[in-house]
Amino acid sequence: MNTPRPDRTPASATGRFVALYVVLLVLLAANLAGTLLPLGPWAIPARLAVAATMVAVIATTFMRLRQGTVLVRLVAVMSLLWILFLFVLTFADFLTR
Amino acid sequence: MTRTPEHTVIVAHQFENLEQQFDADLLGMWLFLVTEALLFSGAFLALAVYYHQYYDTFSAAARELHWLLAGANSVILLTSGLAVALAEQAADQGRRRAALLGLLATIALGLVFLAIKGYEYHSEYQAGLMPFLQQPFAYDGPNPHNAALFYNFYFVLTGLHAAHMIIGLAVLMVMAVLTWRWRDGARVARQVRIAGLYWAFVDIVWVLVYCSLYLVGR
Amino acid sequence: MIRDARTGPAPRHHYLNAGHGLASWFLTKDHKRIAWLYFVSITGFFFLGGLAATLIRLELITPNGDLLSSDAYNRLFSLHGIVMVWFFLIPSIPTTFGNFLLPLMVGARDLAFPRLNLLSWYVYIIGGLFTLIAAVAGGIDTGWTFYTPYSTLFANGAVLAAATGVFIVGFSSILTGINFIVTVHTMRAPGLTWFRLPLFVWAQYATSLVMVLATPVLSVTLVLLAVERVFGVGIFDPSLGGDPVLFEHLFWFYSHPAVYIMILPAMGVVSEVVSCFAHKRIFGYRVMAFSILAIALFGFLVWGHHMFVSGQSIYAGVAFSLLSFLVSVPSAIKIFNWLATLYKGRVRFDAPMLFAMSFLGLFLIGGLTGVFVATLALDVQMHDTYFVVAHFHYIMVGGAVSAYMAALHFWWPKITGRLYPEMWARVSAITVFAGFNLTFFPQYILGWAGMPRRYHAYVEDFQLLNVFSSAGASMLAVGYLLPLIYLLWSLRYGAHASANPWNARGLEWTVPSPPPEENFERPPRVEHEAYAYDTDA
Ligand code: HEM
Ligand SMILES: [Cu+2]
């Protein structure tokens with residue numbers, strides 16, 4: 001009971017927060033810059049991939065998933081899985097019409 | 001629980017100790033965020049289906065949006081995400097003033113975001129890009145009917161997000177008051193931590209809204 | 001002799017006399033009292049939905065639409081569906097027995113979030129008020145499924161009020177679900193490992209997961225419906241290129257899992273009752289627990305079986321048909337395990353067991369006919385006929401409501417501290433079973449013969465079976481009204497129940513009936529598996 005909480009923020013976290021905030025800004029800039037490149041069919045996957053990376057960064061640092069308990073991480077994964085069900089099975093219809 | 005000995009803090013009667021209570025609160029918040037994520041994913045699914053069907057029309061329509069202004073808004077919201085994370089950390093370390101400052105900064109940035117969003121809405125209204133409430137629809141690109149669908153999504157998704165921001169701002173204001181009063185530091189830190197989760201989620205939604213409405217069509 | 005073990009002295013202090021006055025009920029945070037709040041409200045909605053059903057069955061006695069206009073008829077079956085699905089069946093077992101028993105069964109003093117629990121009741125009531133307003137303001141004729149574009153562009157009833165009611169009540173489910181999940185994860189008593197939990201708790205847990213994962217999608221769907229109807233923000237509007245089939249996808253992503261919100265808690269109840277009255281450990285405990293989770297999971301992958309003839313792609317139809325067969329596997333496993341539990345048990349047939357037996361038989365028939373309608377080629381024929389109506393009533397009324405009645409009688413002594421009159425309860429159980437089959441079996445035949453659902457008139461050849469059905473409905477009404485009378489009677493005149501009148505296992509039976517306000521004097525420590533029936537002679 002007296003063990004430190006696994007998700008307690010260490011004092012050194014400030015630096016990491018700021019660093020990852022900068023990463024987020026760079027990713028955002030990359031996504032904006034991407035609109036200037038002739039990516040052709042890769043444009044949409046590229047934009048979505050960058051956005052997904054940003055989401056992952058926010059979730060793991062600002063929401064502290066990295067330090068989270070197994071249970072909390074499981075909950076996060078579960079939501080992704082269910083969103084996947086929704087998308088995959090609905091598109092199973094729309095892509096095969 | 002090193003800083004505050006357990007007998008000085010009040011544990012809700014149904015729990016055995018503070019540890020258990022915090023675990024419960026955290027899990028509860030995460031589950032709530034799961035429901036929020038699924039709520040938005042329904043709307044995103046609908047958008048994705050129509051992108052699939054009307055990609056060219058939608059991307060032409062998307063080009064009319066203020067993508068750079070909204071990009072600046074993204075920066076503002078990401079910054080507020082950093083501010084609330086730092087506020088959580090400060091509260092956790094018992095630094096009351098820093099925590100309060102972080103929260104106030106978050107709230108201020110959130111309000112700026114909403115103001116800019118309001119300006120965007122206003123200019124779309126003036127440009128005749130609001131195809132509902134019997135407004136004239138002045139879009140002159142290809143397939144205006146299908147384009148109207150795009151603008152409907154634009155207003156629904158950003159509106160849904162803005163509604164969540166307003167809720168988030170209200171929660172943060174309560175947190176600011178609690179931090180200012182600082183009755184029971186450990187407790188305030190937990191509450192700020194949980195409120196911060198919600199705000200980070202609002203950030204995540206915006207990243208996706210921005211990408212899917214403003215960028216995918218470009 | 002058994003009588004003696006059942007009765008006991010009246011306990012002095014318990015949750016029911018811990019406070020008096022309206023505020024002690026309407027501001028209570030005690031999960032046991034909140035269970036009562038729900039109990040009274042859902043009973044009200046049950047009889048409201050029943051009233052609509054009565055009128056429907058009266059109309060259908062004759063082939064001509066003579067009692068009700070087609071419009072009134074449409075409004076009645078829509079009201080019936082909405083009330084029964086969202087205001088009775090979805091909340092039924094979780095919010096009453098789940099609320100009352102979950103903390104007791106995991107050895108906790110309350111749920112993790114008592115205030116949230118009370119809030120979720122208020123949310124339920126507000127949602128209910130909107131629905132009543134919709135009913136009074138002329139009702140709606142879209143059916144409980146709110147299909148677009150009819151609901152958004154054409155229907156002239158109080159669609160917005162009804163959709164708002166359903167939207168709001170969804171949050172009540174979500175809050176309850178979160179509360180239960182957190183409670184099971186964080187508040188189990190020392191020694192109460194996952195595989196020592198009663199299956200009722202497993203079922204509540206899985207149900208809560210479904211509530212949390214499915215309901216938000218319904219919420220957003222209703223929001224999209226509302227903005228389209230009110231502001232003209234077309235989302236599913238075909239004239240803008242919108243796709244009504246997309247609405248069906250979103251709707252059934254929730255509504256198929258919702259049928260598991262209705263049936264999983266029922267399965268939990270039946271496991272408790274069957275093992276108690278067979279006086280045997282449940283057969284294959286772990287398999288039972290995993291089947292519950294498997295049903296909850298697979299339940300999310302089959303929604304397209306409601307859309308075989310809606311215009312979805314034929315390939316998706318085939319996939320959804322095959323995935324639907326998958327759900328029947330864990331369901332069948334559960335049936336076999338209940339039967340195996342009964343085998344060589346010392347089975348007693350008190351009223352809870354009679355209701356549980358009804359569940360087994362009726363759920364079996366409903367499930368098997370579910371496989372019929374899940375077969376793509378067959379469903380093209382069966383869709384929107386009375387066959388489907390019979391299928392889901394066998395499961396939702398024959399299955400879920402029977403289990404609800406089983407739970408009501410099984411835990412009544414614990415909840416109220418009083419015994420109910422056993423003889424009358426058996427009469428009710430048998431009347432309900434007979435009345436149910438008389439009402440709904442003819443509907444299978446009618447549907448097979450091609451009678452479409454949702455019409456107030458039909459061709460004369462169908463009259464005989466419809467008369468049977470209406471006759472059965474009146475029996476059913478008697479069967480459901482009886483408990484209302486004798487249970488109320490027992491509150492005052494029933495003998496005081498002992499702590500464990502059924503000689504059952506489980507933590508809830510270790511505390512007095514009715515339980516004290518704080519449930520346990522000190523946190524219990526659990527050293528046994530669930531259903532340790534073989535530990536005594
Ligand atoms: C376990 C509990 C179940 C419940 C509570 C339930 C409930 C329902 C309900 C309410 C409907 C009608 C919806 C409407 O159109 O208004 C329905 C239809 C249907 N059910 Fe079930 N069901 C259950 C199990 C199953 C199973 C196990 C299967 C298949 C293996 C199944 C397959 C179907 C199909 C295919 C339909 C659509 C038929 C049609 O509209 O043509 N159901 N069910
Ligand atoms: Cu289904």
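Author: Chain B has 6 helices and 0 strands, and its C-alpha trace spans about 70 × 30 × 30 Å along the principal axes. This is a predicted model, and chain A, the part you ask about, averages a pLDDT of 89, with 88% of the residues scoring at least 70. Among the elements of chain A, the lowest mean pLDDT, 94, belongs to H1(A), and the highest, 96, belongs to H3(A).

Let us take the interface of chain A with chain B, where 44 residues of chain A are in contact with 50 residues of chain B. The size of an interface is often given as the accessible area lost when the parts come together. For chain A and chain B the buried area is about 4400 Å², and 73% of it lies on carbon and sulfur atoms. Across this interface the rule finds 1 salt bridge, in which the side chains of Arg64(A) and Glu88(B) meet with a distance of 2.5 Å from N to O. The rule also finds 5 residue pairs in polar contact between chain A and chain B, both residues being at pLDDT 80 or more. On the side of chain A that touches chain B, the elements giving two or more residues are helix H1 (13-34), helix H2 (43-62) and helix H3 (70-94) of chain A. Of these, H3(A) gives the most, with 12 residues. By residue class, this side of chain A divides into 32 nonpolar, 7 polar and 5 charged residues.

Chain A also meets chain C, in a contact that takes 12 residues from chain A and 19 residues from chain C. Chain C and chain A bury about 1400 Å² between them, with 80% of it on carbon and sulfur atoms. Here too the rule finds 1 salt bridge, which Asp243(C) forms with Arg97(A), the closest N and O atoms being 3.2 Å apart. The count of residue pairs in polar contact between chain C and chain A, both at pLDDT 80 or more, is 5. On the side of chain C that touches chain A, two or more residues come from each of helix H9 (199-231), H10 and helix H12 (314-342) of chain C. The residues on this side of chain C divide into 13 nonpolar, 5 polar and 1 charged.

That leaves the ligand. There are 21 residues around ligand 1, and those that come nearest are Trp144(C), Asp379(C), His383(C), His391(C) and Arg453(C). A polar side-chain atom of Asp379(C) lies 2.5 Å from an oxygen atom of ligand 1, while one of His391(C) lies 2.9 Å from a nitrogen atom of ligand 1. In the side chain of Arg453(C), an N or O atom is 2.9 Å from an oxygen atom of ligand 1. Helix H10 (244-277), helix H13 (351-374) and helix H15 (386-416) of chain C are the elements that give two or more residues to the shell around the ligand. The shell around ligand 1 divides into 13 nonpolar, 6 polar and 2 charged residues.

Notes. Residues are numbered from 1 along each chain as its sequence is written. Chains are lettered from A and ligands numbered from 1 in the order in which they are written. Side-chain values use heavy atoms; hydrogens and water are left out. A residue is near a molecule or strand if one of its heavy atoms lies within 4 Å of it. A polar contact is a pair of N or O atoms within 3.5 Å; within protein, one must be able to donate a hydrogen and the other to accept it, and residues adjacent in sequence count only if both atoms are side-chain atoms. Helices (H or I, at least four residues) and strands (E, at least two) are DSSP runs, numbered from the N terminus. Ala, Val, Leu, Ile, Met, Phe, Trp, Tyr, Cys and Pro count as nonpolar, Asp, Glu, Lys and Arg as charged, and the others, Gly among them, as polar. Contact means heavy atoms within 4.5 Å. Buried area is the accessible area (1.4 Å probe) that two parts lose on being put together, summed over both. A salt bridge is a side-chain nitrogen of Lys or Arg within 4 Å of a carboxyl oxygen of Asp or Glu. pLDDT is the predictor's confidence in each residue, from 0 to 100.
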